[in-house]
Amino acid sequence: MVLLRRVIGDALRARRQGQHRTLREVSTAANVSLGYLSEIERGQKEASSELLTSICDALGARLSEVLREVSDTMAVAEQVEGVLTPMPRGDQQVAEITRRPRTEVATDGQVSVTVRRDNPLRTTLRTTRNMRPGNTGNARGREVVGV
């Protein structure tokens with residue numbers, strides 16, 4: 001299962017790293033402790049809307065942009081069965097997943113999501129934002145691991 005707080009944290013980390021900024025720089029600008037910002041980026045803490053706005057301001061991004069990116073990722077992830085909801089746990093299915101990892105891919109033309117289920121308790125979600133016509137930026141890839 002992929003948690004929303006992990007996708008949000010991953011989107012914030014990708015923006016920060018894309019700007020070649022340190023956690024310390026962003027935490028100071030956002031008036032958030034370095035440790036707390038780190039926990040938010042790793043998806044271990046859920047940030048309030050006020051805190052998300054402060055972090056986005058420090059990154060020079062609009063909250064709506066970050067949430068739209070998160071929404072796109074979640075929408076594509078919903079297309080892959082069992083990513084956002086737990087899979088049924090029949091004995092045969094658990095044994096099958098334990099024997100070999102299962103990988104699925106979904107895309108909506110703008111975001112591609114690759115899901116790898118290593119075992120019943122570990123799922124890795126890798127997202128890539130595809131290039132839009134006229135956009136000269138690089139496609140960004142992100143990875144979220146759900147346990």
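Reader: Which residues of helix 4 are buried?
Author: This is a predicted model, in which local features need pLDDT of at least 70, side-chain atom pairs count only at pLDDT 80 or more, and totals for chains, interfaces and linings use all residues. Residues are numbered from 1 along each chain as its sequence is written, and side-chain values use heavy atoms, with hydrogens and water left out. Helices (H or I, at least four residues) and strands (E, at least two) are DSSP runs numbered from the N terminus, and buried means under 20% relative accessible area, exposed over 50%, partly exposed in between (1.4 Å probe, protein chains only). On these terms, the buried residues of helix 4 are L51, L52, I55, C56, A58 and L59.

Reader: Within what arc do the buried residues of helix 4 fall?
Author: The arc is taken from the directions from the helix axis to the C-beta atoms. On the other side of helix 4, E50 and D57 are exposed. The buried residues line one face of the helix, because seen down its axis they fall within an arc of 160°.

Reader: Against which helices do the buried residues of helix 4 pack?
Author: Contact means heavy atoms within 4.5 Å. By this criterion, the partners of the buried residues of helix 4 are helix 1, helix 2, helix 3 and helix 5.

Reader: Which residues does L37 touch, not counting residues up to four places away in sequence?
Author: L37 is among the residues with the most contacts inside the largest core. Leaving out residues up to four places away in sequence, L37 touches L23, V26, S27, V32 and I55.

Reader: What is the mean pLDDT of the protein?
Author: pLDDT is the predictor's confidence in each residue, from 0 to 100. Over residues 143–147 it stays under 50, although the model has 23 contacts for them beyond four places in sequence. In the protein, 62% of residues reach 70 or more, and the mean pLDDT is 76.

Definitions and conventions: Core = buried A, V, L, I, M, F, W, Y, C linked by side-chain atoms within 4.5 Å.
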